[in-house]
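Reader: Could you walk me through reading a few side-chain features in a protein model? I would like the general idea and then the case at hand.

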Amino acid sequence: QVQLVESGGGLVQPGGSLRLSCAASGRNVNYDTMGWYRQAPGRQRELVARISIVGSTYYADSVKDRFTISRDNAKNTVYLQMNSLKPEDTAVYYCNSVFQPVSWGQGTQVTVSS
């Protein structure tokens with residue numbers, strides 16, 4: 001059973017940047033399309049970005065032009081570069097395979113506050 005471990009979150013000021021990482025643990029596997037999701041208090045989990053095995057990307061309108069998703073298939077790792085962060089980006093961020101999801105990891109907390 002492959003599992004996912006998110007890291008890189010933290011507390012940043014509005015306008016700041018963070019880079020999140022998502023690494024597979026356990027059985028090695030390369031999924032087709034990987035996505036980053038987030039869940040804020042009182043809100044449903046939402047997809048913010050996804051990337052295919054060949055590098056095609058999608059971004060939610062709320063993060064387009066601010067976030068960049070990338071992947072290193074050899075390391076079974078997906079990244080999310082977040083720039084120009086806003087308070088409304090505050091959430092727990094998770095990764096998963098979009099079309100063949102496995103168990104959710106613990107996520108990594110991102111807090112944007114002055």
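Author: Gladly; we will take the disulfide, the aromatic rings and one threonine in turn. Keep in mind that this is a predicted model.

Reader: Let us start with the sulfurs: which residues does a disulfide join here?

Author: In general, a disulfide is a covalent bond between the sulfur atoms of two cysteines. Here Cys22 is joined to Cys95, with S to S at 1.7 Å. The bond ties together distant parts of the chain, since Cys22 belongs to strand E3 and Cys95 to strand E9, 73 residues apart. Its S-S torsion is about 70 degrees, so the disulfide is right-handed.

Reader: Are these two cysteines buried or exposed?

Author: Both Cys22 and Cys95 are buried.

Reader: Now the rings: how many aromatic pairs does the structure hold?

Author: A pair of aromatic rings is described by the distance of the centres and the angle of the planes. The structure has two such pairs. Tyr37 lies in strand E4, while Trp104 is in the loop between E9 and strand E10. Trp104 is partly exposed, at 34% relative accessible area. Tyr94 and Trp104 are also edge-to-face, at 6.0 Å and 80 degrees. Together, Tyr37, Tyr94 and Trp104 make one aromatic cluster, and Arg45 lies over the face of Trp104, 3.7 Å from the ring centre.

Reader: And which residues does Thr77 touch?

Author: Leaving aside residues up to four places away in sequence, Thr77 touches Cys22, Ala23, Arg71 and Asp72. Thr77 counts as buried because its relative accessibility is 10%, under the 20% cut-off.

How values were computed:
Residues are numbered from 1 along each chain as its sequence is written. Side-chain values use heavy atoms; hydrogens and water are left out. Buried means under 20% relative accessible area, exposed over 50%, partly exposed in between (1.4 Å probe, protein chains only). Contact means heavy atoms within 4.5 Å. A disulfide is a pair of cysteine sulfur atoms within 2.5 Å. Helices (H or I, at least four residues) and strands (E, at least two) are DSSP runs, numbered from the N terminus. Rings of Phe, Tyr and Trp (its six-membered ring) pair if their centres lie within 6.5 Å; planes under 30 degrees apart count as stacked, over 60 as edge-to-face and the rest as tilted. A charge sits over a ring if NZ of Lys or CZ of Arg is within 6 Å of the ring centre and within 35 degrees of the ring normal.
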